Amino acid sequence: MKEVNLICTKCNKKFPIDKVHFRCDICNEPLELEEIKEGRIRKDNVFNQTIIERYADFFPFLDIDKDLSLGEGFTGLVESNKIAREIGIENLYFKNETQNPTWSFKDRGTIAGIQHAVKLGYKTIGTVSTGNMASSVAAYGAKANLKTYIFVYKDIADEKLNPIAIYNPRLIKVDGDYGKLYLESFKIGEENNIYFINSDVPFRIEGYKTIAFEICEQLDFDIPDYIVVPTSAGGDIRGIEKGFREFKNCGLIDKTPKIICAQASGCSPIYTAYKEKSDTVIKYENPSTIAHAIGNPTPPSGNQVLRMINWNRGTCVAVSDEEIIEAQGMLARTGIFGQPASAVPLAAVKKLREEDYIKKEERAVCIVTSTGLKYTAAFKKHNLRFEECNIKDLSKIVK
Ligand SMILES: [Zn+2]
């Protein structure tokens with residue numbers, strides 16, 4: 001491993017990376033790897049590279065185990081003139097993370113986490129998740145032939161459970177507070193030598209930087225004004241912001257975009273704290289939203305997201321379930337089918353454009369985090385139609 005440290009996002013205390021440290025032992029805030037100040041992109045053929053190899057200068061690994069990869073990243077950046085026109089903005093892009101191996105952005109964080117786990121000699125990994133991250137860690141654990149523990153909450157629907165179970169991890173439904181389970185898993189990991197690649201652990205954040213790196217390359221280093229990220233635990237948004245910051249440090253881009261933290265109003269602890277000008281996120285009571293994937297009432301990186309939005313000069317926004325479903329439909333009618341949580345950024349852009357926070361001539365990128373096929377119950381919220389006829393009448397009907 002290269003000579004870099006983990007650093008507390010609040011008090012700056014340093015920790016070595018050759019041991020597992022997830023949170024600061026003084027202030028219990030999340031840790032992150034020290035910022036990269038020098039680096040370049042390895043410009044080889046993307047068909048022969050993994051994301052960790054292409055952006056190797058931005059990771060602490062001296063050698064990269066290619067066998068751990070399932071071909072994550074290098075997802076499309078799709079411009080939609082149709083939606084841009086509808087909501088009155090000149091350029092609107094969608095980073096289509098549904099193209100990842102387990103159909104969500106989580107795979108980028110999992111590959112970075114598992115590289116670290118294997119380097120440290122771990123034979124067992126795990127995670128605490130209700131969906132996307134559970135499938136991702138189970139799949140990468142299967143590929144790496146590591147014993148894999150997945151803790152889910154006890155009321156999880158079969159529709160979500162089976163796509164995790166198919167990878168054959170030790171899948172345990174846990175009866176208890178989901179927020180506490182996050183911290184409990186670290187304790188269990190320490191006692192039993194299990195590397196928990198949870199939502200906002202430092203190496204997961206490192207993996208998410210590659211979303212920013214790819215956007216820079218895809219837009220020819222002409223940086224957009226806004227990046228809009230559906231936010232739950234706070235890992236993805238932190239990683240994306242750090243990616244832009246490091247590319248700027250290295251002179252690859254000359255400015256960083258404003259980062260917008262987009263939440264569902266039915267579970268919006270970070271937005272609520274931001275609006276109240278508080279520096280501490282508190283538990284969101286009685287959460288209820290169709291955007292289940294971002295329904296974490298106790299985001300472990302919530303305070304750090306508030307600090308980051310502050311220095312980045314971005315903002316937080318919350319949108320209703322009605323606005324989310326409307327945005328999911330708009331997105332599908334431009335050819336991209338994201339899950340309700342993944343439609344939150346588009347709903348947020350629409351709202352911020354109506355409020356004239358985002359100007360007509362500005363450019364925004366929405367992160368479409370995962371596929372709509374993971375939550376088919378949302379179909380019934382849409383007015384989906386089809387027609388029927390006998391084959392002999394078909395020609396007449398089409399005319
Ligand atoms: Zn600290």
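**Close-up views of a predicted model**

**View 1. The largest nonpolar core has 78 residues.** Look for I114, I227 and F244, the residues with the most contacts inside this core. Helix α7, which runs over residues 202-218, gives the most to the core, with 7 residues. Everything shown here and below comes from a predicted model. As a bit of background, nonpolar side chains tend to be buried together in soluble globular proteins.

**View 2. Here's F244 with its contacts from elsewhere in the sequence.** Skip the neighbours within four places in sequence, and F244 is in contact with A212, I215, C216, I223, I227, I253, T256 and P257. There's also a second, separate core, made of 36 residues, and V228, A262, I325 and L346 are among them.

**View 3. N198 sits in the loop between β9 (195-196) and α7.** Is N198 buried or exposed? N198 counts as buried because its relative accessible area is 0%, and buried means under 20%. The N198 side chain reaches the backbone nitrogen of V128 at 3.2 Å. Leaving out neighbours within four places in sequence, N198 is in contact with G126, T127, V128, M133, Y182, S185, F186 and R204.

**View 4. Now for the second largest pocket, with a volume of about 410 Å³.** The pocket is lined by 19 residues, and V20, H21, F22, F186 and E190 are the closest to its centre. Which helix gives the most to the lining? That's helix α6 (residues 178-192), with 5 residues. Sorted by type, the lining has 10 nonpolar, 4 polar and 5 charged residues.

Conventions:
Residues numbered from 1 in each chain as written. Predicted model: local features only at pLDDT ≥ 70, side-chain atom pairs only at ≥ 80, totals over all residues. Heavy atoms only, no water. Core = buried A, V, L, I, M, F, W, Y, C linked by side-chain atoms within 4.5 Å. Buried < 20%, exposed > 50% of the residue type's maximum accessible area, 1.4 Å probe, protein only. Helix = DSSP H or I, 4+ residues; strand = E, 2+ residues; numbered from the N terminus. Contact = heavy atoms within 4.5 Å. Polar contact = N/O pair within 3.5 Å; in protein donor to acceptor, adjacent residues only side chain to side chain. 1 Å grid on protein atoms, 1.4 Å probe; cavity = no way out; pocket = protein on both sides within 12 Å on 5 of 7 lines; lining within 4 Å. Points joined across faces, edges and corners; volume = space filled by probe spheres on them. Nonpolar A, V, L, I, M, F, W, Y, C, P; charged D, E, K, R; others polar.
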